[in-house]
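Keep the model open beside you while you read. The paragraphs below go from a sheet to a loop, then to packed helices.

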Amino acid sequence: MEAICKVGDGPGAELLEVPIPRCKEGEVLIEVEEAAICASDLQLFHWRPSVQGQTFPYPLVMGHEYVGWVREVGSGVAGFAPGDYVAGETHIPCLACHYCDTGRMHICANLGIVGRTHDGCFARYLAVSPWAVRKIPARLPGAVLLEPLGVAIHAIQQAGVQEKAVVILGCGPIGLMAAAAAKRLGALQVIAISRTPAKLARAASLGADITINSQQQDPVEAVWDATWGLGADVVLEMSGSRTAFKQGLGMLRKQGAMVAVGNLDGPVEIDVLQDIVLQEKRLMGIFGRCMWQTWDTAVALVRQGDLDLTSFISDVYPLQEFQAAFAQAAGSMSKILLRP
Ligand SMILES: [Zn+2]
Ligand SMILES: [Zn+2]
């Protein structure tokens, strides 16, 4: 089969002919229907600082967001049958550590990651632990995006947005999903911030109450104005920009919570005493989705018709045109799919 592979350290990837993976004991073999390109795939492709210094098992099949069908079930696997329609969870838990043992498999101490430590989904087939696969009850439209939607929902759940003034910093696909989901999960006021007018228009169409163009206005001042001088209860940092990160802390009211989601490209200097301690602010990170509470919420939102995931998809490319697909995905507010 053809697969988009990372073949060594440094920028780039190659379309290689590789064997169809064998379904080993404790694995399921999945035929990929379609896969989505994630910002983290682009970081690996372009060899950004966030991936430098890590080791990868080359040649590595890239990709982790997908839907498809179980085609084979390895020995020792319960609960899956050929023909099951499934979506990929990126985290592969060890099932033996303290975190797995206490219901926090997504931050497993020995975490495997699809498309990073294990071969991924930019290919016709992948063989993977069933613990990194979620059965989808029906063929939900746009289910290939349940994984990134889960990131947005996890951030929302971590902060708690009910009856809160919530700022979304950065309106890429996950930021836009967060704007939509925050509103539907009870936020009183959703404020979307971006430098791109088209992204702000899209955020407004998804339910953002206020949009702020950070190139035209000081976003910190604008948030204080929009919240009647109080500041935001919650900031979801989805941009990955170090400037935005600092601005995010400045937008928070006392006891507010900021959730860091975007992958920053380096350290940020903050005045912990003035900016956090004395104001009782909370700063939290999230990594992926909770397994499986977040998935249940994501699936419910889509099933009920609260969120149309297909509206977040702009283009579908064959694997062979991955270079063009990756180029289009960079900075896009929509998701780009690959079809093997
Ligand atoms: Zn992803
Ligand atoms: Zn574990």
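**A walk through the model**

Three strands make an open antiparallel sheet, in the order S2-S1-S4. Strand S2 (14-17) and strand S4 (60-61) are the edges, each with a single partner strand, so one side of each has no neighbour in the sheet. Strands pair if DSSP finds at least two bridges between them. Helices (H or I, at least four residues) and strands (E, at least two) are DSSP runs, numbered from the N terminus.

This is a predicted model, in which local features need pLDDT of at least 70, side-chain atom pairs count only at pLDDT 80 or more, and totals for chains, interfaces and linings use all residues. Residues are numbered from 1 along each chain as its sequence is written, while chains are lettered from A and ligands numbered from 1 in the order in which they are written.

Start with strand S1 (residues 2-6). Four bridges join S1 to S2, and the two run antiparallel. Cys5 stands opposite Glu14 of S2. Helix H1 (residues 39-46) has Ala39, Ser40, Asp41, Leu44 and Phe45 as its buried residues. A residue is buried if 20 or more other C-beta atoms lie within 10 Å of its own, exposed if 12 or fewer, and partly exposed in between, with C-beta atoms placed from the backbone. The buried residues of H1 pack against S1 and helix H10 (322-329). Just after H1, Trp47 takes a positive phi of about 60°.

Now find Gly115. It sits in the loop between strand S8 (112-113) and strand S9 (125-128). Is Gly115 buried or exposed? Gly115 is buried, because 27 other C-beta atoms lie within 10 Å. Leaving out residues up to four places away in sequence, Gly115 touches Asp41, Met62, Gly63, His64, Gly120 and Cys121. Contact means that the C-beta atoms of two residues, placed from the backbone, lie within 7 Å. Gly115 and Lys6 are 109 residues apart in sequence, yet 9.5 Å apart in space, C-alpha to C-alpha.

Next come the parallel strands. Strand S14 (residues 232-237) is mostly covered, with six of its six residues buried. Strand S11 (residues 165-169) runs parallel to S14, joined by four bridges. Leu169 has Glu237 of S14 as its bridge partner. S14 also pairs with strand S15 (residues 252-260), in the parallel sense, over five bridges. There, Val235 stands opposite Met258 of S15.

Turn to the helices. Helix H3 (residues 146-159) and helix H4 (residues 173-184) cross at roughly 55°, and their axes come within 8 Å. Axes are lines fitted to C-alpha atoms, for helices over the stretch in contact, and angles run from 0 to 180 degrees between N-to-C directions. H3 and H4 are therefore oblique to each other. Angles under 35 degrees count as roughly parallel, over 145 as roughly antiparallel, 65 to 115 as roughly perpendicular and the rest as oblique.

The contact involves residues of H3 including Pro148, Leu149 and Val151, and residues of H4 including Pro173, Ile174 and Met177. By class, this contact of H3 with H4 has 13 nonpolar, no polar and no charged residues. Ala, Val, Leu, Ile, Met, Phe, Trp, Tyr, Cys and Pro count as nonpolar, Asp, Glu, Lys and Arg as charged, and the others, Gly among them, as polar.

Helix H6 (residues 219-226) and helix H7 (residues 242-251) pack at about 25°, with axes 9 Å apart. H6 and H7 are therefore roughly parallel to each other. Pro219, Val220 and Val223 of H6 meet Gln247, Gly250 and Met251 of H7.
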